[in-house]
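Open the model in your viewer and keep the selection tool at hand. Each stop below gives a selection and then what is there.

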2 protein chains.
Amino acid sequence: MAAMSAVAGLAAELPDGVVVTDPDIVASYRQDRAADPAAGTPLAVVRPSRTEEVQTVLRWASENRIAVVPRGAGTGLSGGATAVNGGIVLSTEKMRDITVDPVTRTAVVQPGLLNAEVKKAVAEYGLWYPPDPSSFEICSIGGNIATNAGGLCCVKYGVTTDYVLGLQVVLADGTAVRLGGPRLKDVAGLSLTKLFVGSEGTLGVITEVTLRLLPPQPAACTVVATFDSVEAAASAVLTITSRIRPSMLEFMDAVAINAVEDKLRMGLDRSAAAMMVAASDDRGPTGAEDAEYMARVFTEAGASECFSTADPDEGEAFVAARRFAIPAVEAKGSLLLEDVGVPLPALAELVAGIAEIAAEHDLTISVIAHAGDGNTHPLIVFDPADAAMSERAQIAFGEIMDLAVSLGGTITGEHGVGRLKKPWLAGQLGPEAMELNRKIKAALDPDGILNPGAVV
Amino acid sequence: MAAMSAVAGLAAELPDGVVVTDPDIVASYRQDRAADPAAGTPLAVVRPSRTEEVQTVLRWASENRIAVVPRGAGTGLSGGATAVNGGIVLSTEKMRDITVDPVTRTAVVQPGLLNAEVKKAVAEYGLWYPPDPSSFEICSIGGNIATNAGGLCCVKYGVTTDYVLGLQVVLADGTAVRLGGPRLKDVAGLSLTKLFVGSEGTLGVITEVTLRLLPPQPAACTVVATFDSVEAAASAVLTITSRIRPSMLEFMDAVAINAVEDKLRMGLDRSAAAMMVAASDDRGPTGAEDAEYMARVFTEAGASECFSTADPDEGEAFVAARRFAIPAVEAKGSLLLEDVGVPLPALAELVAGIAEIAAEHDLTISVIAHAGDGNTHPLIVFDPADAAMSERAQIAFGEIMDLAVSLGGTITGEHGVGRLKKPWLAGQLGPEAMELNRKIKAALDPDGILNPGAVV
């Protein structure tokens, strides 16, 4: 009751419609795409459109000790935006301004804009924002920054943090602070901009970001190859990345190949154990030279088929097939979506170990991977109506993370820890780094109102 | 007395020779290249060679509340390694191991290795570590990471933080913690690796770093142009960076041109107001195309002379001239070395404003710049024996920072805040960001033993 009257107080402080308590709407904000079964029901959803409104919300939340779960487009896969009982969800979806400056090659963006919308807006100025999570058409730029999102082009172009020059964040107590700005070099004070990137809403709410942009991506030459063994594909990856910088180096296993072929009927080799989709976007003839080199490496590694194209549409069809792998496998059942990464030499061992885990627990686990940076997405297929199978899937989910850590890897390469992976974080980081995470969290959010239960 | 007996206690805990109290040696560690006149005399210099020894030092320092000033090669220009009375200097110069892994294209390096030594060691494996501060032959990799150092190639290849995948740091209480590792994507927990990069020894002591490496840099095509006006050169910079990605885009003013020509006699145009040294290292013919494009832009912007070369030695001669500008200007007197940066469109205004400051205070101030990223090094020439002139130089030093901040810029692009620039930090960051810096510092170093007086 006290909480609901507090919510009424907040609503009175904000423009009409910003605070939403309609139960149906509120219910639709309980979960993100991780579909966390432990999701609570929030008191309200708050959808501010200005930094000052976010400040009002956080001042109010601090005074009333009410938990705030920041949320972008709700496409997170680790439960970073799972609502909590007695808290509110702060959605940035209404914050959608963008200003592009072609002279400094930067854009100032509010967090609610989708990644694809950012790409489109800057493309109108002949510029390119590289980070390209597979969900780029539906995920928000604010969520990308909160999770330090990756994508397919990272193997050459790096991850989200590499494109963040500045931020405005609202802290737990409602203070708005500007960090960094449109300067390519700036070492004044601690690297706080970088600290907030990837903080998953636990340290503050991002209300504005200054992004670094690049000239347009040159057309890519694409190479597609199929293999009879995962090891052959993985060894080709090592050869390639130790010599050149491909703009894409993606892997799909047999399950993913067949799932995509079931849906798209594009003539993929259903008998293959692995398929690689590689590209080079180097300008001029060197792009084609790199593609030729990769085709040669694939062939020498034992590719059963290898196909190269400099035609962008043809290339894009294979990239689209790779992007389609997750929805295609999802057609087979519900997915527990993994995001483990390893140093490149351990890639084949990781994939083999995942196959063992799948066999042991009688599960289908398809592996797709941003192979060039060692980041894999094992897709654990299960039927939520089958309690025993769901439990086996959960066990496999944890065992895959344990395996990655045992191979010197990470429990999450680009999706974030959220709530689903939190129990495994300490196993990767160790007690000292965990304690350091907690100290930073306590220093910036002493009452623990920001995204409680996530990450730390 | 208590302090000296504490030092004896520390010496007893460490191998012979690690703790140095010889007054002559200790005196040589009082200052870095900033030659901070406020430097104190430390109790001792400690030169550990292993992480465990650094832990011993910091545990001891915490117990005895003794200040620790971490020091790399002592080439810092902001007084980040200025010794303090009653404290110790912790030099990482003996920590010089490196292991290169060509397969993952990473190197694990101890902090005492020089930047040039890292470049050389990885080059033996056909790899390249890009960051290239002008002092690369004498500065340490640990110092580079502590200051998030820049250089000439940053305009295309980014700064030090972009190459740091992992760190081992020893915290104020002696705890050793590993952050990140040899994984290109890793979002498990807060971005603490990035927080320590650029922290200037205020949060911990870096004892090991995992660096990301690239394939070798292709040979560059170089373009040199001279201009009758700074504005013409600056407008060419804007045109170039809004269209292509040069691998170098450097600026020297008339004073620097003449100072270099005095020493090197390479036929530079002494009458020019500005000289640009630009390069493109794109592979294949596109590098030459970019060089041609830049030459055209320079000419159209009004260059009085423009010279292009694809010969690496010829190109390197001009780059060496640019690198030699600081020592050449230093021949005219002592230097107060600035490091201010602005968003690119403000570059000409910054240079003009600096000329006004020079005129007003009757000083010679030469401006050289990493023009492509808006980072300038105004060199304030003064005679330390002339008290009035020294005072005017100090006033100009501050006014240049105020000017940069008023243009939306930074007081330091790549050298760090250290002690010399600390009074201006709040003016740039504002009270909210300053408070955030202080909170992080207090959380990680509650007793303030790490590099007290620097940055925050």
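This is a predicted model: local features need pLDDT of at least 70, side-chain atom pairs count only at pLDDT 80 or more; totals for chains, interfaces and linings use all residues.

**Stop 1: a sheet in chain B**

Select the four strands that form an open sheet in the order 1-2-4-3, with mixed pairing. Color strand 1 (19-20) and strand 3 (68-71) of chain B: they stand at the edges. Each has a single partner strand, so one side of each is left without a neighbour in the sheet.

Now show strand 3 of chain B with strand 4 (residues 88-91) of chain B. The two run parallel, and four bridges join them.

**Stop 2**

Move to chain A. Here, too, four strands form an open sheet, mixed in pairing and ordered 1-2-4-3. The edge positions go to strand 1 (19-20) and strand 3 (68-71) of chain A. Each of these has a single partner strand, so one of its sides has no neighbour in the sheet.

Select strand 1 of chain A and strand 2 (residues 44-46) of chain A. They run antiparallel and are joined by two bridges.

**Stop 3: a hairpin in chain B**

Return to chain B and select strand 7 (residues 164-170) together with strand 8. These two strands of chain B pair in the antiparallel sense over five bridges. B:Val169 stands opposite B:Val177 in strand 8 of chain B.

What lies between strand 7 and strand 8 of chain B? Five residues separate them, and the two strands form a hairpin. Pick B:Gly174 in the turn: its phi is positive, about 95°.

**Stop 4**

Color chain A by domain. The division is domain 1 (2-91), domain 2 (98-212), domain 3 (218-328) and domain 4 (333-441). Hide domain 1 and domain 4 of chain A, leaving the two others.

The C-alpha centres of domain 2 and domain 3 of chain A lie 29 Å apart. Contact between them involves 10 residues of domain 2 of chain A and 11 residues of domain 3 of chain A. Together these domains of chain A bury about 890 Å², with 50% of it on carbon and sulfur atoms. Select A:Leu152, A:Val155 and A:Lys156. In domain 2 of chain A, these lose the most area to domain 3 of chain A, together 67% of what that side buries.

To see a salt bridge, show the side chains of A:Arg323 and A:Asp132, which meet at 3.9 Å, N to O. Four residue pairs are in polar contact between domain 2 and domain 3 of chain A, both residues being at pLDDT 80 or more. The side of domain 2 of chain A that touches domain 3 of chain A has seven nonpolar residues, one polar and two charged.

**Stop 5: where the chains meet**

Show both chains. The contact takes 84 residues from chain B and 84 residues from chain A. About 6,100 Å² is buried between chain B and chain A, and carbon and sulfur atoms give 63% of that area. Highlight B:Lys185, B:Val187 and B:Leu190. They supply 14% of the area that chain B buries against chain A, more than any other three residues.

Eight salt bridges cross the interface of chain B and chain A. Zoom to B:Arg283 and A:Asp290, a salt bridge whose closest N and O atoms are 2.8 Å apart. The interface of chain B and chain A also holds 28 residue pairs in polar contact, both at pLDDT 80 or more.

Which element of chain B gives the most to the side that touches chain A? Select helix 15 of chain B, which gives 11 residues. By class, the side of chain B that touches chain A has 37 nonpolar, 29 polar and 18 charged residues.

Over all chains, a search of the whole structure finds 36 salt bridges. End on A:Lys185 and B:Asp373, a salt bridge with its closest N and O atoms 3.3 Å apart. A:Lys185 lies in the loop between strand 8 (176-180) and helix 7 (192-196) of chain A, and B:Asp373 in the loop between strand 15 (364-370) and strand 16 (375-382) of chain B, so the pair joins two chains.

Technical notes:
Residues are numbered from 1 along each chain as its sequence is written. Chains are lettered from A and ligands numbered from 1 in the order in which they are written. Side-chain values use heavy atoms; hydrogens and water are left out. Contact means heavy atoms within 4.5 Å. Buried area is the accessible area (1.4 Å probe) that two parts lose on being put together, summed over both. A salt bridge is a side-chain nitrogen of Lys or Arg within 4 Å of a carboxyl oxygen of Asp or Glu. A polar contact is a pair of N or O atoms within 3.5 Å; within protein, one must be able to donate a hydrogen and the other to accept it, and residues adjacent in sequence count only if both atoms are side-chain atoms. Ala, Val, Leu, Ile, Met, Phe, Trp, Tyr, Cys and Pro count as nonpolar, Asp, Glu, Lys and Arg as charged, and the others, Gly among them, as polar. Domain bounds come from an automatic or database domain assignment. Two strands pair if DSSP finds at least two bridges between them.
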